[in-house]
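This report goes through a predicted model. It takes up domain contacts, the chain interface, charged pairs and a metal site in turn.

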Amino acid sequence: MILLQLAADGLLLGAVYALFSSGLTLIWGMMNVINFAHGDFVMLAMYVAFFAFTLLKIGPIFFVPLAAMALFGLGVLVYVALVRHVMRGPMLAQILSTFGLALFLRYAALWAFSANFVSLPDNLVGGVYQLGGIRLSASHLLAGGTALVLTLGMHLVLTRTDLGSRMLAVSEDRVAASLVGIRAERMQALAWGLGAAATGVAGGLIVLFFYVSPEVGNAFTLLAFVTVCLGGFGSVPGALIAGLLIGVIESFSAYWLGPATKDVVVFALFVVLLWVRPQGLLGRA
Amino acid sequence: MSEALLRVSKLAVHYGDLVGIAEVSFEVEEGAVVALLGANGAGKTTTLNALAGLVRASGGTILWRGERIEERSAHEIVARGIALAPEGWRLFVQQTVEQNLRLGATALAERARLAPLLERVFSLFPRLAERRRQSAGTLSGGERQMLAVGRALMSDPKLLMLDEPSLGLAPSVVDTMYETLGRLSAAGLTLLIAEQSMELALEIADRATVLQTGRTVLSGTAREIAENPDLHRAYLGAAF
Ligand SMILES: Nc1ncnc2c1ncn2[C@@H]1O[C@H](COP(=O)(O)OP(=O)(O)OP(=O)(O)O)[C@@H](O)[C@H]1O
Ligand SMILES: [Mg+2]
């Protein structure tokens, strides 16, 4: 029974990892740029949700979409003001620019919100459901379920709609895309918006059961990298499987080896897997 | 005299310090088939790419139905009714035949016209209809060429430009393609075809323009060009 319990906890958390990681993989897939500030986007979304609750007194039904919209705007802004310009520069400039953005966001948060850990009340989404002996907290169920649906939704939009087809066209061949009338820069801005909106939703969900501080972004950036590498760069289904897998591995290793070692196990397995299969689980060689 | 559909005057394109084309001038009348001829590196692709808005002109003008378009970007030009099946086709190989065709209709103002246009392409190229759910990356060379032309037709252009539709294809496939182009022309479509192989192009063309190292050296009716002794000199150094 404990195994099922651990697996269920891991899957619910893993779905949230999958959601924000699919944002990273989308941005990479569209323009081969790595967003080193991805975890800091999650951190900002958590603050948006936190302040929406404490100042505006609105619950998750409103603050999760609010965080998504705010981060969508931030993603588009980052593309228009920063990424669009450094894309023309050398590779190193591209890497350093989002790395610099990450530091900027972190220190801006430190300055604006102080280094204190804050969190929402535990019982904001209260209640525990029993399902055949497994205990599932309502907040984790809400977070995991929403994240799973949205990640699958993102995959469907990318593969089944004209919009997704246009985005893929830009990632395949920008010149050919412009030839058929697609505005490549709009699609790239949209990819940044959607990729950041995924962190917005994820942050709004994570804050239901996790503390916020300006430093939490670090851990999320690393998790997103591992997830995206593991799933294969540019693959949303890959990010989903990898996210769920990492959630479960974390859950088991935290139980057997103690919470402090769970990251060691995740990274060790990650290195081994990349050694065996460098393109990731669903990536193209 | 009636205004030509397309008038290219002293068009020049530079790639950094290198000259792509130096001075290209020609006209395309509505409903005509015009061949753009020249040896390797003469500037055919550069000319078509400049017309399509893929490369910026560094000099000269492009007049399309009375409007100057040399500063326009590619998505604006396809929306004005000029479509290009580019050199190397540049299909979206990770997507299906149907997705490629739907993408070709991106610039279409009325989405309701997408279905009839798709039907037109499928009736012109029944092979594409059979393979509509197949990934474009798995098509044969001839089928890729059909898809490239079909994709360009999906924007319902007034002028269809083709960059070496015969390149790398078996003679029978080329014949079929030129037959189809003849049918499109008979239906009123204006065509601008860049070809190295002049026999092929002159057979279908009403008029032709010959480029040599980035300059227009000859222009006239297809018959005049075919019989002009200077034509072969323009091709000097080419592989025939
Ligand atoms: N991207 C580029 N950068 C630099 N020079 C270029 C580029 N593209 C073309 N050129 C140069 O411009 C000139 C014209 O080339 P273009 O491709 O237009 O010729 P073409 O007539 O299409 O030849 P082909 O029959 O081989 O396709 C050539 O000298 C070529 O080397
Ligand atoms: Mg060429």
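## Domains of chain B

Between domain 1 of chain B and domain 2 of chain B there are 0 salt bridges, a salt bridge being a side-chain nitrogen of Lys or Arg within 4 Å of a carboxyl oxygen of Asp or Glu. The count of residue pairs in polar contact between domain 1 of chain B and domain 2 of chain B is 2, both residues at pLDDT 80 or more; such a contact is a pair of N or O atoms within 3.5 Å, where within protein one must be able to donate a hydrogen and the other to accept it, and residues adjacent in sequence count only if both atoms are side-chain atoms. On the side of domain 1 of chain B that touches domain 2 of chain B, helix H2 (74–79), strand E7 (159–163) and helix H7 (171–186) of chain B each supply at least two residues, and H7(B) gives the most, with 5 residues.

The assignment, which is automatic or from a database, places residues 1–81 + 160–240 of chain B in domain 1 and residues 87–156 in domain 2. The contact (heavy atoms within 4.5 Å) takes 16 residues from domain 1 of chain B and 14 residues from domain 2 of chain B. About 1300 Å² is buried between these two domains, 71% of it on carbon and sulfur atoms, where buried area is the accessible area (1.4 Å probe) that two parts lose on being put together, summed over both.

## Basis of the model

Because the model is predicted, local features need pLDDT of at least 70 and side-chain atom pairs count only at pLDDT 80 or more, while totals for chains, interfaces and linings use all residues. Residues are numbered from 1 along each chain as its sequence is written, chains are lettered from A and ligands numbered from 1 in the order in which they are written, and side-chain values use heavy atoms, with hydrogens and water left out.

## Interface of chains A and B

In the interface, 21 residues of chain B are in contact with 18 residues of chain A, and the area buried between the chains is about 1800 Å², of which carbon and sulfur atoms give 57%. The count between chain B and chain A is 3 salt bridges; A:Asp162 and B:Arg102 meet in a salt bridge through their side chains (3.0 Å, N to O).

## Charged pairs within chain B

B:Arg80 and B:Glu67 form a salt bridge at 3.0 Å, N to O. B:Arg80 lies in the loop between H2 and E6 of chain B and B:Glu67 in strand E5 (residues 67–68), so the pair ties together parts that are 13 residues apart in sequence. B:Arg72 forms a salt bridge with B:Glu76, the closest N and O atoms being 3.6 Å apart.

## Magnesium site

The magnesium ion (ligand 2) is coordinated by B:Thr45 (OG1) and B:Glu87 (OE) at 1.9 to 2.3 Å; donors are N, O and S atoms within 2.8 Å of the metal (3.2 Å for Na, K and Ca), and water is not among the atoms, so sites may look incomplete. B:Thr45 is buried, with a relative accessible area of 18%, whereas B:Glu87 is partly exposed at 38%; buried means under 20%, exposed over 50%, and partly exposed in between (1.4 Å probe, protein chains only). Helices (H or I, at least four residues) and strands (E, at least two) are DSSP runs, numbered from the N terminus.
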